[in-house]
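Student: I have a new model open on my screen and would like to talk it through. Could you help me read it?

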Amino acid sequence: MRVLGVDPGLTRCGVGVVEGVAGRPLTMIGVGVVRTPADADLGHRLVAVEQGIEQWLDEHRPQYVAVERVFSQHNVRTVMGTAQASAVAILCASRRGIPVALHTPSEVKAAVTGSGRADKAQVGAMVTRLLRLAAPPRPADAADALALAICHIWRAPAQNRLQQAVALHTSKAPRTPKAPPAPKGRTA
């Protein structure tokens with residue numbers, strides 16, 4: 001399975017491609033950051049993010065895209081930029097028919113480090129170890145993108161089995177007949 005992880009952001013959008021399957025050693029295929037100038041017009045920044053992600057999709061041809069789920073922060077401006085970059089990543093993948101998975105930061109941290117409260121240094125250290133790299137990817141956005149891809153590779157098999165079980169249960173569930181409509185009463 002080849003996954004493009006995207007750590008969305010307007011100034012720095014982390015991207016990383018990991019290949020492998022759960023339970024086996026993983027391989028980093030590529031890692032980087034799509035950058036946009038903070039003083040540029042919002043529309044130009046979003047186009048730059050789109051072009052960067054499209055380039056990664058063209059070059060690495062992932063089977064899945066894993067994007068960090070935007071969560072509420074105190075800084076609304078930061079949340080808006082993150083959400084906008086996230087939407088661009090989802091759009092780029094969906095336009096190509098590539099399935100997109102959203103993972104919360106705590107899910108990613110728990111998958112990679114064992115703790116949903118791990119800090120960026122711990123995530124970077126575990127990504128380095130899991131992918132057998134010489135040093136943690138810099139900046140942290142790049143390491144976070146790889147962590148997203150790792151998280152998806154490890155979680156996807158269990159999520160797929162769960163979705164199949166729910167679908168099977170739903171298709172075999174007895175259907176309750178609809179009650180006939182109540183007769184309309186007359187008013188005098």
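**The sheet and its helices**

Tutor: Happy to! S1 and S2 run antiparallel and are joined by six bridges; strands here are DSSP E runs of at least two residues, helices are H or I runs of at least four, and both are numbered from the N terminus. Two strands pair if DSSP finds at least two bridges between them. This is a predicted model, so to speak: local features need pLDDT of at least 70, side-chain atom pairs count only at pLDDT 80 or more, and totals for chains, interfaces and linings use all residues. Residues are numbered from 1 along each chain as its sequence is written, and side-chain values use heavy atoms, with hydrogens and water left out.

Student: In S2, which residue is the bridge partner of Asp-7?

Tutor: S1 and S2 form a hairpin, with four residues between them. The bridge partner of Asp-7 in S2 is Gly-14.

Student: Do S1 and S4 run parallel or antiparallel?

Tutor: Strands of a sheet pair through backbone hydrogen bonds, in either of these two ways. Leu-4 stands opposite Val-65 in S4. Four bridges join S1 to S4, and the two strands run parallel.

Student: Which strands stand at the edges of the sheet?

Tutor: The sheet is open, with five strands in the order S3-S2-S1-S4-S5 and mixed pairing. A single partner strand is all that each edge strand has, so one side of each lacks a neighbour in the sheet; these are S3 (27-35) and S5 (100-103).

Student: What angle does the direction of H2 make with that of S4?

Tutor: H2 packs on the sheet and touches S1, S4 and S5, where contact means heavy atoms within 4.5 Å. Axes are lines fitted to C-alpha atoms, for helices over the stretch in contact, and angles run from 0 to 180 degrees between N-to-C directions. For H2 and S4 the angle is about 170 degrees.

Student: Is Ser-86 buried or exposed?

Tutor: Ser-86 is found in helix H2 (residues 76-95). Beyond its neighbours within four places in sequence, Ser-86 is in contact with Pro-8, Val-67, Glu-68 and Val-70. Buried means under 20% relative accessible area, exposed over 50%, and partly exposed in between (1.4 Å probe, protein chains only). At 6% relative accessibility, Ser-86 counts as buried.

Student: Which exposed residues does H4 carry on the face turned away from its buried side?

Tutor: In H4 (residues 120-130), the buried residues are Val-123, Gly-124, Val-127 and Thr-128. Seen down the axis, they fall within an arc of 135 degrees (taken from the directions from the helix axis to the C-beta atoms), so they line one face. The face turned away carries Ala-121 and Arg-129.
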